[in-house]
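Q: Could we go through this structure together? I would like to discuss a residue and then a sheet.

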Amino acid sequence: MTTHWKFILILCIAALALFMSVGAYGLIESSDARYAEIARAMYISGDYMHPNLMEVHHYHKPPLAYQITALGYHIFGVNTFGARFFLQIAILIQMILVYALTLQLFAKKETALWAAMIFFTFPMLLIASRNLTTDAFLAMFALLSIYAWVRYRKEGNYGYLYLFTLSLALGFLTKGPVIFIVPLIFILFYNRTEPSKNSFGYHHLLAWLLFLAVSFYWFLYLIIQDTQFLDYFLGRQTVDRFAKDAFSRTEPFWYFLVFAPIVGLPWLFIFPYMIKVKKALFTKRSLYMALLLAVLIPVIFFSLSSSKRILYILPFYGLLAILIAQLLSTLTEEKSKIVNRIVLGYAMIILLLSSATLMLETKFIIPAMLGVVSLFLIPPILWIYRDKNLTFKSRAVTVSFILSVFLLGGSGMVIAENELKLKSMKPVTDFIIAKGLQERNVIMYNLRKPSIAFHLNRSIISVNETNPSLARETEFEQDLNWKKYLIDMNTEEEQGYLKELLARPSVFIIYQYPKYAQYPPLAPQREWIRSGFQHKEKIGNWLIFY
């Protein structure tokens with residue numbers, strides 16, 4: 001530890017920034033709330049094999065990410081800190097793996113430190129740390145598998161071979177076959193630079209048997225219960241996700257080409273310049289080329305897919321940080337000056353914009369503390385930029401790291417002040433709890449909001465009038481219990497059930513679209529739904545009847 005004290009210090013600062021305000025605001029719709037609520041259902045029911053969302057089984061993803069999240073509830077209780085705790089741990093582990101992998105590939109502590117710091121500076125990490133999905137866990141297992149393979153290839157120790165296949169298996173249990181994309185592309189080209197120490201033998205067979213046993217046990221368990229799962233997993237959840245707009249997540253081909261650099265600021269804007277200056281390093285059998293192709297090929301792959309979300313490309317940002325750090329280490333001092341100026345310019349733009357919020361009004365509430373801190377950060381950042389005791393390279397990395405700590409720490413403060421604008425329902429549930437209404441039936445009109453169920457720690461009821469997104473995959477339900485929580489207004493029988501519910505003390509929630517000046521989009525023939533309520537409260541665009 002004494003030989004790596006600088007990295008340990010950086011890791012502690014990163015941990016402080018990650019955990020500082022992660023529980024200060026409510027769940028954000030939709031992914032953050034959906035994953036947290038599925039994990040809550042697991043925790044409450046004790047059933048860790050059948051993911052359940054709003055009383056309907058939800059088999060879109062394997063269960064590992066939900067199970068890890070549920071462990072947070074066992075430790076911290078059902079709250080947002082518990083939901084996001086292991087998400088932050090996954091990001092810290094990725095920083096450790098980036099550091100360790102850089103040491104293995106290039107054997108330079110300074111470069112390894114830069115790689116870990118650069119990785120932390122990507123805005124992609126800020127998004128990943130504040131949005132509970134499978135992607136941060138998947139990226140962790142992808143990096144672990146690459147690290148294990150590099151150690152195995154260099155040392156021939158079979159223990160790392162087993163760690164490699166185990167990491168892939170855990171990634172498969174997190175998000176399915178997508179775990180292979182980044183590790184196998186990197187390995188394909190890395191193997192050309194590092195000859196194998198071992199010939200193919202029984203350890204390889206046993207290692208891949210370990211992969212099969214760990215990665216497929218959950219799928220086999222469900223297929224044995226119901227053979228329909230085989231077609232469901234191979235067809236709808238694998239092929240359709242890539243080839244069709246199965247889940248309304250389609251984006252144009254150029255989506256990642258445009259947004260990948262933005263969530264990689266400032267380094268991804270500098271990256272092409274580094275490649276141009278050091279293009280001689282990118283020979284066919286070089287580590288540089290292996291790292292570059294492990295970034296470019298996945299971008300092309302995900303661009304071809306119809307289903308796109310920005311966090312899908314998170315798994316290769318660790319390798320990108322390693323490549324950028326190594327290229328930075330090879331730059332001359334003269335070239336490093338240019339990098340240093342770009343990073344300073346980026347930092348000053350962010351800090352000046354943040355400072356301007358003290359004087360300018362925006363549609364978001366920006367805490368004054370954020371503007372004050374940004375003003376106080378400007379002098380030390382200018383001092384670091386001109387500090388002759390540091391190289392130009394160290395100055396650039398240090399400035400970008402400090403800026404990221406500021407952005408990450410401040411993000412929670414901003415989100416907490418703007419929950420309704422950022423699709424968090426916590427102000428609504430806070431009102432329900434404050435009024436002592438949380439034990440009543442909570443009924444939501446034409447929408448499904450898992451965050452309400454999570455914050456009330458109970459199931460809620462959705463009334464479906466015209467919203468196609470409320471259609472659920474119910475082919476695997478063993479009974480009709482789910483119908484108690486999803487009412488179809490197109491049938492008289494279910495309208496009667498709703499009337500029975502409303503005859504008892506209830507809470508009814510409607511979203512009032514801004515274009516409606518006075519009344520929410522409730523059809524005239526449905527006015528009877530809210531006619532029996534005595535009280536009404538408006539919170540943002542939400543109307544709460546009770």
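This is a predicted model: local features need pLDDT of at least 70, side-chain atom pairs count only at pLDDT 80 or more; totals for chains, interfaces and linings use all residues.

Q: Where does asparagine 340 lie?
A: Asparagine 340 lies in helix H16, which covers residues 333-356.

Q: And is asparagine 340 buried or exposed?
A: Asparagine 340 is buried, because its relative accessible area is 2%, and buried means under 20%.

Q: Which residues is it in contact with, leaving aside neighbours within four places in sequence?
A: With those neighbours set aside, asparagine 340 has contacts with Tyr385, Phe392, Arg395 and Ala396.

Q: Changing topic: in what order do the six strands of the open sheet come?
A: The order is E5-E4-E3-E6-E8-E7, and the pairing is mixed.

Q: Which are the edge strands?
A: They are strand E5 (486-488) and strand E7 (536-539), each of which pairs on one side only.

Q: By how many degrees are neighbouring strands turned against each other?
A: On average by 20 degrees, with direction ignored.

Q: In what sense do E3 and E4 pair, parallel or antiparallel?
A: Strand E3 (residues 441-445) and strand E4 (residues 461-464) pair in the parallel sense, over three bridges. Within this pair, isoleucine 443 stands opposite isoleucine 461 in E4.

Q: What does helix H19 touch on the sheet?
A: Helix H19 (residues 426-434) packs on the sheet and touches strand E6 (506-511), E7 and strand E8 (542-545). The direction of H19 makes about 150 degrees with that of E7.

Q: And which strands does helix H21 touch?
A: Helix H21 (residues 492-502) also packs on the sheet, touching E3, E4, E5 and E6. Its direction makes about 130 degrees with that of E5.

Terms used: Residues are numbered from 1 along each chain as its sequence is written. Side-chain values use heavy atoms; hydrogens and water are left out. Helices (H or I, at least four residues) and strands (E, at least two) are DSSP runs, numbered from the N terminus. Buried means under 20% relative accessible area, exposed over 50%, partly exposed in between (1.4 Å probe, protein chains only). Contact means heavy atoms within 4.5 Å. Two strands pair if DSSP finds at least two bridges between them. Axes are lines fitted to C-alpha atoms, for helices over the stretch in contact, and angles run from 0 to 180 degrees between N-to-C directions.
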